[in-house]
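Please keep the sequence and the structure in view while reading.

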Amino acid sequence: MHACCKSNATDTEACTDCTEEKCCGCHKTKHRSDEEYKKLIHRLNRIEGQIRGIRGMVEKSAYCPDILVQVAAANAALNAFTKELLANHIKTCVADDIREGNDEVIDELVTTLQKLMR
């Protein structure tokens, strides 16, 4: 159990309860290139705008099918974000860990994929 967050997360799992301003080391992090960071943030900003647009439609009592079409577009945008992030993860983190002999990353990837496929 990690002292900062009272989490039962192991050193290879990210805890979700951390309240420390500085991380205790129980969380994994990834350094992203400026280009990767900008691409991901750009996608998230667009998705955030789509969600605000959907909220506006609900507030203005828009017709249900019109809202549903926008929800489908937001879902597609989130799926595209997920695919890009997952591909980057496999190409960098997973590949690097395997090269270093850390085969536990494969189990972590399988668990992540199972969560994504729910």
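A polar contact is a pair of N or O atoms within 3.5 Å; within protein, one of the two must be able to donate a hydrogen and the other to accept it. The model shown here is predicted. In this model, the side chains of E36 and N88 make such a polar contact, at 3.2 Å.

The two partners sit in separate helices. E36 belongs to helix α1, which covers residues 34-59, while N88 is found in helix α2. Is E36 buried or exposed? Its relative accessible area is 11%, and buried means under 20%, so E36 counts as buried. Leaving aside neighbours within four places in sequence, E36 is in contact with K30 as well as N88.

How many residues does α1 have? The helix has 26 residues, and from its first C-alpha to its last it reaches 37 Å, close to the 38 Å expected at 1.5 Å a residue. Buried positions in α1 are E36, L40, I47, I54, G56 and M57. An α-helix has 3.6 residues a turn, so residues three or four places apart point the same way. Against which element do the buried residues of α1 pack? They pack against α2, which spans residues 64-99.

Between the two helices comes a loop. S61 lies in this loop between α1 and α2. What is the phi of S61? The value is near 55°, which is positive in a residue other than glycine. This positive phi comes just after α1. S61 has 63% relative accessibility, which is over 50%, so S61 counts as exposed.

The cysteines are the next stop. A disulfide is a covalent bond between the sulfur atoms of two cysteines. How many disulfides are counted here? With a disulfide taken as a pair of cysteine sulfur atoms within 2.5 Å, the count comes to zero. As for cover, C64 is exposed, with a relative accessible area of 54%.

The view can now widen to the whole chain. The protein chain holds three helices and zero strands, and read along the sequence these follow the pattern α-α-α. Of its 118 residues, 20% count as buried. The chain exposes about 9200 Å², of which carbon and sulfur atoms supply 54%. Among contacts between residues at least 6 apart in sequence, 34% join residues at least 24 apart.

The 3.2 Å polar contact joins the side chains of E36 and N88, and E36 is among the buried residues of α1, which pack against α2.

How values were computed: Residues are numbered from 1 along each chain as its sequence is written. This is a predicted model: local features need pLDDT of at least 70, side-chain atom pairs count only at pLDDT 80 or more; totals for chains, interfaces and linings use all residues. Side-chain values use heavy atoms; hydrogens and water are left out. Helices (H or I, at least four residues) and strands (E, at least two) are DSSP runs, numbered from the N terminus. Buried means under 20% relative accessible area, exposed over 50%, partly exposed in between (1.4 Å probe, protein chains only). Contact means heavy atoms within 4.5 Å. The expected span of a helix is 1.5 Å times one less than its number of residues. Accessible areas come from the Shrake-Rupley method with a 1.4 Å probe; for residues, only the protein chains shown count as cover.
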